[in-house]
Amino acid sequence: MLNAGIAADSYTFSCILKCFAASGSVKNGEWLHGYLLKLDLAACSCSVVNSLLSFYAKVGRVESARKLFDELPQRDVVSWNSMISGYSKCGDLAAASRVFEKTSERSVVSWTSMIQAYSRSGLLHDAIRLFHEMTSSGTKPDIFTLSAVLHACASSGSLESGKSVHNYITGQGLESNLFVCNALMDMYAKCGSMEDASLVFSQMPVKDIISWNTIIAGYGMHGFGKEAIRAFEEMRRDGIKPDGVSFISVLYACSHSGLVNEGWRFFNIMQKECKIEPSLEHYACMVDLLSRSGKLQMAYEFIKGMPIKPDATIWGALLCGCRIHHDVKLAERVAEHVFELEPENARYYVLLANIYAEAEKWEEVKELRVKIGRRGLKKHPGCSWIEVKGKVHVFVAKDGSHPEVRKIEALLRKVREGMKKEGFSPKLRYALMNGDDLEKEMALCGHSEKLAMGFGILNLPPGKTVRVMKNLRVCRDCHEMAKFMSKTTGREIILRDSNFFHHFKDGSCSCRGFW
């Protein structure tokens, strides 16, 4: 265009900078910046300068963006938003917050960028709080704001907050918006309420592939494998062609419900009928399916026969299966592959250490813990949380800091005594410690999910569902106690761990042992 002698205008520059930002072409963007300086950048329109600012922010060159921002003689709302977004994406929440506080004219983009920044940094309740501040200020959220705050609600497991956002959406007449409905479904599924997720889905006037994938994945993570399969087949009857994500969702559902034959059937349909080449995620689902159902050797052979190189996630799925089915020898072989692929990932060392601990191989546990310490690896501490009357209560193992801890411990002792009278014995191997039976039992009673469940039973109205979130996998002893508590209290207990949701009702669990 330039060689043809045609002069570029503001629209040309803005368009090409968007292209460079989208493709991550840093050098081309810097070249264009130099070209604009030759033309006299100060004389360029505000839209061009803002496009350049946005370019630097989007490609992660936030220092260059800040330098340009500081040199601007005039700044409009787009300039400020670009800086907030830039700092947010590079993880500098403090800088993003400082710019946000200085912004005199906050647009919907300003608020949305800050909500996303808090959410990315794990400050989920701050993101939700900021949304309510935004609506109180008179700024009307758009669909991207609503998606961001619903994501924060989903990640935190705050069903009450999610429902308040849903009420806002209904009040604004956006309950039929496809983008918003998909985010609502995802939020309800991840907050433990598949009833609400299913209701949103059934009332949608139009459904796209994302809608179907979301509801299938939701059923899967809650252990409702047959419902996930029904939804998948209904999607196909409605003429929606499944994509790779659809098959990940349905295979995941089969895995968590122990539906081995159905999993193989869908794996074959994907390749033969839909002509979709399996990715690492699909292979991981199949390994997980075989491992959870106890077919460990078959899973091992399946991995060895894969046409693509397995990653740590695939070997890790088999290692988890080894823990579920207490196969120490295979776990040791599998761990060698995992440690070779991800030598700095503490999670797999801890997993193998737990396998040894459950088998009471204390010397091996000691060696692994020394190795973890020598490498300077950090493991995530286990914690559980529950929302009661709009307030989130967080518990860690052996937590004595909560003001109601004595009441909770008394309740748990009473539950344990009741379990023993009915013939249940504590699963002492899951104490993961070398000590006598009494010490192990006391350690088990202090698990964070037990404390959170006990708090919920003490503080929620009779009959109210107890919803607990945990950042790690729930142990089998806690699993057994949750079943017993659901039976004796007449409550439904929904426990979300790092794998999926467990629905405890009348003494049984939705996972049916495939976890």
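This is a predicted model: local features need pLDDT of at least 70, side-chain atom pairs count only at pLDDT 80 or more; totals for chains, interfaces and linings use all residues.
## A salt-bridge network

Asp126, Arg129 and Glu133 are joined to one another through a network of salt bridges. Side chains of opposite charge can pair when their charged atoms come close. The count for this structure comes to 18 salt bridges.

## Salt bridges across the sequence

Glutamate 30 and arginine 61 form a salt bridge in which the closest N and O atoms are 3.0 Å apart. Glutamate 30 belongs to helix α2 (residues 26–39), while arginine 61 sits in the loop between α3 (46–58) and α4 (62–71), so the pair ties together parts that are 31 residues apart in sequence. Glutamate 30 is partly exposed, because its relative accessible area is 34%. Arginine 61 also counts as partly exposed, with 34% relative accessibility.

A salt bridge also forms between aspartate 196 and lysine 163, with 3.8 Å between the closest N and O atoms. This pair links distant parts of the chain, 33 residues apart: aspartate 196 lies in helix α12 (residues 194–203) and lysine 163 in helix α10 (residues 159–171). Lysine 163 has a relative accessible area of 35% and is therefore partly exposed.

## A helix and a loop joined

Arginine 375 and glutamate 344 meet through their side chains in a salt bridge of 3.2 Å, taken from N to O. Because arginine 375 lies in helix α22 (residues 362–375) and glutamate 344 in the loop between α20 (328–341) and α21 (346–358), the pair ties together parts that are 31 residues apart in sequence. Arginine 375 counts as partly exposed at 39% relative accessibility, whereas glutamate 344 is exposed, with a relative accessible area of 51%.

## Buried polar residues

Histidine 222 is located in the loop between α13 (209–221) and α14 (225–237). Its relative accessibility is 0%, so histidine 222 counts as buried. The side chain of histidine 222 makes a polar contact of 2.6 Å with the side chain of histidine 503.

Threonine 145 is part of helix α9 (residues 143–156). Threonine 145 is buried, because its relative accessible area is 0%. A polar contact of 2.8 Å connects the side chain of threonine 145 to that of aspartate 142.

Note on methods:
Residues are numbered from 1 along each chain as its sequence is written. Side-chain values use heavy atoms; hydrogens and water are left out. Helices (H or I, at least four residues) and strands (E, at least two) are DSSP runs, numbered from the N terminus. Buried means under 20% relative accessible area, exposed over 50%, partly exposed in between (1.4 Å probe, protein chains only). A polar contact is a pair of N or O atoms within 3.5 Å; within protein, one must be able to donate a hydrogen and the other to accept it, and residues adjacent in sequence count only if both atoms are side-chain atoms. A salt bridge is a side-chain nitrogen of Lys or Arg within 4 Å of a carboxyl oxygen of Asp or Glu.
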